[in-house]
Amino acid sequence: MIPKPLPSEYNDYYHKYIQPIPDQTDVLELLLKQRQEVTQLFGRVTESEANFAYEPGKWSIKELLGHMNDTERIMAYRALCIARGELTTLPGFDENAYVANSGFSQRTLAGLLKEHQVIREATVALFDTLAEDALSRVGSANGSPVSVRALAFIIAGHERHHLQILKERYLVKL
């Protein structure tokens, strides 16, 4: 089981994602359960509803899922780099620019869901193979320290955050 990171292992910005996860949570088990929840929740959306945004200027359902996919890839990449001893500060990213340049709206929701499943499988496989010393290794991303284990919890918490938004702001309006 991957221990929950200490607040000193990540930027305060990520507290909103990590703090709500109970201390004794098996984060890899949570990541696997979330895979099912994503399939169930996004599976309630038809292809014709998938470009719906709950208000002007907000992402569509497809863009929300695409953002979740992009963010997980980036956080897993950061975890790999830091676990392997990377000393270079890893770059940040502008989530809005990524979505604007993604073409998610032209893709199918089914395709984005399949991509999510593959990304999640790879993420779990990565964290499952890391030794304790690699999981506790701290590197730098976007100018702030972050541990490998914090990145596992950030991935889970970020997804939890966006699934709650999907339920509260999107699905209720469909």
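# Questions on charge pairs, rings and cores

Modeller: By the ring-pairing rule, the count comes to six aromatic pairs. The model is predicted, so local features need pLDDT of at least 70 and side-chain atom pairs count only at pLDDT 80 or more, while totals for chains, interfaces and linings use all residues. Residues are numbered from 1 along each chain as its sequence is written, and side-chain values use heavy atoms, with hydrogens and water left out.

Biologist: Why is the pair of tyrosine 54 and tyrosine 170 called edge-to-face?

Modeller: Rings of Phe, Tyr and Trp (its six-membered ring) pair if their centres lie within 6.5 Å; planes under 30 degrees apart count as stacked, over 60 as edge-to-face and the rest as tilted. The centres of tyrosine 54 and tyrosine 170 are 4.9 Å apart and the planes stand at 85°, so the pair is edge-to-face.

Biologist: Which parts of the chain does this pair link?

Modeller: Tyrosine 54 is in the loop between α2 and α3 and tyrosine 170 in helix α7, 116 residues apart. Helices (H or I, at least four residues) and strands (E, at least two) are DSSP runs, numbered from the N terminus.

Biologist: What makes the contact of arginine 149 and glutamate 9 a salt bridge?

Modeller: The term requires a side-chain nitrogen of Lys or Arg within 4 Å of a carboxyl oxygen of Asp or Glu. For arginine 149 and glutamate 9 the N to O distance is 2.4 Å, and their side chains therefore meet in a salt bridge. Arginine 149 lies in helix α7 and glutamate 9 in the segment before α1, so the pair ties together parts that are 140 residues apart in sequence.

Biologist: Why does arginine 149 count as buried?

Modeller: Buried means under 20% relative accessible area, exposed over 50%, partly exposed in between (1.4 Å probe, protein chains only). Arginine 149 has 15% relative accessibility and therefore counts as buried. Glutamate 9, with a relative accessible area of 7%, is buried as well.

Biologist: How do you know that glutamate 37 is partly exposed?

Modeller: Its relative accessibility is 25%, so glutamate 37 counts as partly exposed. Its salt-bridge partner is lysine 167, at 3.2 Å from N to O. Lysine 167 is partly exposed because its relative accessible area is 30%. Glutamate 37 belongs to helix α2 and lysine 167 to helix α7, 130 residues apart.

Biologist: Are lysine 62 and glutamate 47 buried or partly exposed?

Modeller: Lysine 62 has a relative accessible area of 4% and is therefore buried, whereas glutamate 47, at 39%, is partly exposed. The side chains of lysine 62 and glutamate 47 meet in a salt bridge with an N to O distance of 3.0 Å. The structure holds ten salt bridges.

Biologist: Which residues of the largest nonpolar core touch the most other members?

Modeller: A nonpolar core is a set of buried Ala, Val, Leu, Ile, Met, Phe, Trp, Tyr and Cys residues joined through side-chain atoms within 4.5 Å. Of the 33 residues in the largest one, Phe127, Leu130, Val146, Val148, Leu151 and Ile154 touch the most other members. Helix α7 gives the most to this core, with eight residues. Apart from this core lies another, of 21 residues, among them Leu41, Trp59, Leu64 and Ile165.
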